[in-house]
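Hi,

Here's the structure I said I'd pass along.

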Amino acid sequence: MKPAKYREIRDGGRGFALVATLSLMVLLTILAVGLLSLSAVSLRSSAQGSAQADARANAKLALMIAIGELQKEMGPDMRVSAEAAIFDQNPETAAPDGVAQPRWLASYDSWGNWLNAEYAPLGKSSLSIGATYTPKRERMFRRWLLSMPLGSGSNANAVDSLGGWDDSNSVVLVGDGSLGKDFALSQPEQITRAYLTRVGAKGRNAWWISPQNHKAIIDRAKSPRTLAVDEWQASQGDTAEVGVGALSGLGALDTNALIGEKLISYDTLRAAQLDGVKVQSHFFDLTNRSRGVLASVRTGHLRKDLSLLFEKDNSTLPAPYKYTAGMGPEPSIRPMSPDLLSKAPKVTNRHFASWTNMRHFYRMYRNNSDATSPGAGVSTGASGALQWSGSQPYSDVQIPLLYRDRTKVGQWLGDNAYHRLPVLAKLTFIYSLMSERVNAASTTDLRYRLYLVYTPV
């Protein structure tokens with residue numbers, strides 16, 4: 001038999017195994033609870049990520065719809081756009097009256113014919129230009145450029161009231177986050193809503209188009225003038241400035257000419273030494289992405305640079321622009337309405353709008369000119385080029401026979417000469433009130449004569 005002390009040690013070993021087993025079970029329980037919690041967190045995170053992915057997909061769909069509608073409505077050059085603010089019922093007040101959403105953008109058909117002729121926009125009946133000047137010009141109205149309830153997008157009156165629109169079926173796209181809380185509170189009509197459209201079984205989206213072409217370009221504020229005088233004059237508007245710096249809180253644009261170059265986005269205005277609150281209040285007024293296309297909204301044609309055409313001599317000009325002696329009226333820069341050509345007396349000579357006159361005016365910078373004279377005793381020079389008097393430039397002007405000899409009205413059919421007559425661009429008068437005594441020598445006769453004086457400037 002072993003000593004008693006060995007039996008006690010052996011009995012203590014049995015108790016240690018039980019404690020170790022219980023510890024392992026607690027550890028496994030903690031591990032299981034931790035894994036379960038981690039799994040729950042992962043599931044919630046996955047669900048949240050899925051919801052965010054759905055939201056991003058719906059937002060991208062709304063963006064694609066907006067771009068598609070913009071291309072459809074404003075892609076053709078014979079379209080014009082206007083904000084609902086033009087429906088203002090009382091122009092005397094600052095806020096647009098009678099318009100629930102003044103920042104909605106509408107697309108319109110432009111007039112595509114002569115003003116004295118009828119015209120039928122695509123899909124619409126023929127009408128006269130006078131018949132289009134109805135309230136909100138509904139006969140030329142196309143649609144509102146935002147998400148709307150089905151069938152209401154082409155209703156011009158939908159902007160008058162938002163009856164039935166609330167947080168359950170519409171969403172604020174421009175609110176105090178963009179406008180600033182103070183501005184949004186003082187002008188609640190500027191808060192812009194769009195209707196929520198159902199996407200699939202559980203998603204919704206909304207879109208609204210902002211007219212960037214209606215805003216002032218912030219990066220065209222005052223910038224350093226590094227061009228020489230001649231280069232500045234020849235820049236043809238590429239160095240144009242806008243008076244954004246005159247707005248309250250934006251004066252740094254004028255005092256620091258380098259800020260304009262840093263305004264790569266609208267949001268950078270807030271960090272460009274400008275008043276952030278004032279910047280927000282001009283959300284609908286300022287942009288850095290305004291671009292335009294030079295096009296005729298009547299014909300839809302793009303406008304072209306005529307410099308290369310006008311550099312050609314008359315003998316090498318293409319037929320539509322070339323004038324030859326005896327051909328009659330000069331080629332016109334704007335064709336005349338057939339209705340006018342058929343009326344008596346006919347208006348056949350419109351030399352202020354002829355290609356020939358425009359070309360000679362363009363070529364005035366040259367030392368020589370191919371402008372000719374109609375005959376001896378009639379010409380007044382018709383050089384068509386600038387000359388120097390010693391102190392200032394001048395140009396000989398061909399006065400048409402039509403204006404110089406009233407007995408030969410209608411006989412002058414045009415000539416290849418420069419005959420640009422003065423055009424009145426501006427006429428300014430100062431209106432003053434003046435009074436004088438009827439009888440200055442009398443002490444009892446207090447009658448006065450009142451005069452309204454027109455002083456030309």
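Asp445 and Arg447 join their side chains in a salt bridge, 2.9 Å from N to O. By that I mean a side-chain nitrogen of Lys or Arg within 4 Å of a carboxyl oxygen of Asp or Glu. Asp445 is buried at 17% relative accessible area, while Arg447 is exposed at 52%. The cut-offs there: buried is under 20% relative accessible area, exposed is over 50%, and partly exposed is in between, with a 1.4 Å probe and protein chains only.

Before you dig in, note that this is a predicted model: local features need pLDDT of at least 70 and side-chain atom pairs count only at pLDDT 80 or more, whereas totals for chains, interfaces and linings use all residues. Residues are numbered from 1 along each chain as its sequence is written, and side-chain values use heavy atoms, with hydrogens and water left out.

Searching the whole structure turns up eleven salt bridges. One of them pairs Arg143 with Glu69 at 3.2 Å, N to O. Arg143 sits in strand 3 and Glu69 in helix 1 (residues 4–74), so this contact ties together parts 74 residues apart in sequence. (Helices, H or I with at least four residues, and strands, E with at least two, are DSSP runs numbered from the N terminus.) Arg143 is buried at 17%, and Glu69 is buried at 19%.

Then there's Arg193 with Asp167, at 2.6 Å, N to O. Since Arg193 belongs to strand 5 (residues 192–195) and Asp167 to the loop between strand 3 and strand 4 (170–174), the pair ties together parts that are 26 residues apart in sequence. Arg193 is buried, with 16% relative accessibility, but Asp167 is exposed at 60%.

There's also a salt-bridge network linking Glu73, Arg79, Asp109, Lys124 and Arg142.

Now, which residues of strand 2 are buried on each of its faces? Leu105, Ser107 and Asp109 are buried on one side, and Ala106 and Tyr108 on the other.

As for its partners, strand 2 runs antiparallel to strand 1 (residues 79–83), joined by five bridges; pairing takes at least two DSSP bridges between the strands. Ser81 is opposite Ser107 there. Strand 3 (residues 141–144) is also antiparallel to strand 2, with three bridges between them, and Phe141 in strand 3 faces Tyr108 as its opposite number.

Cheers
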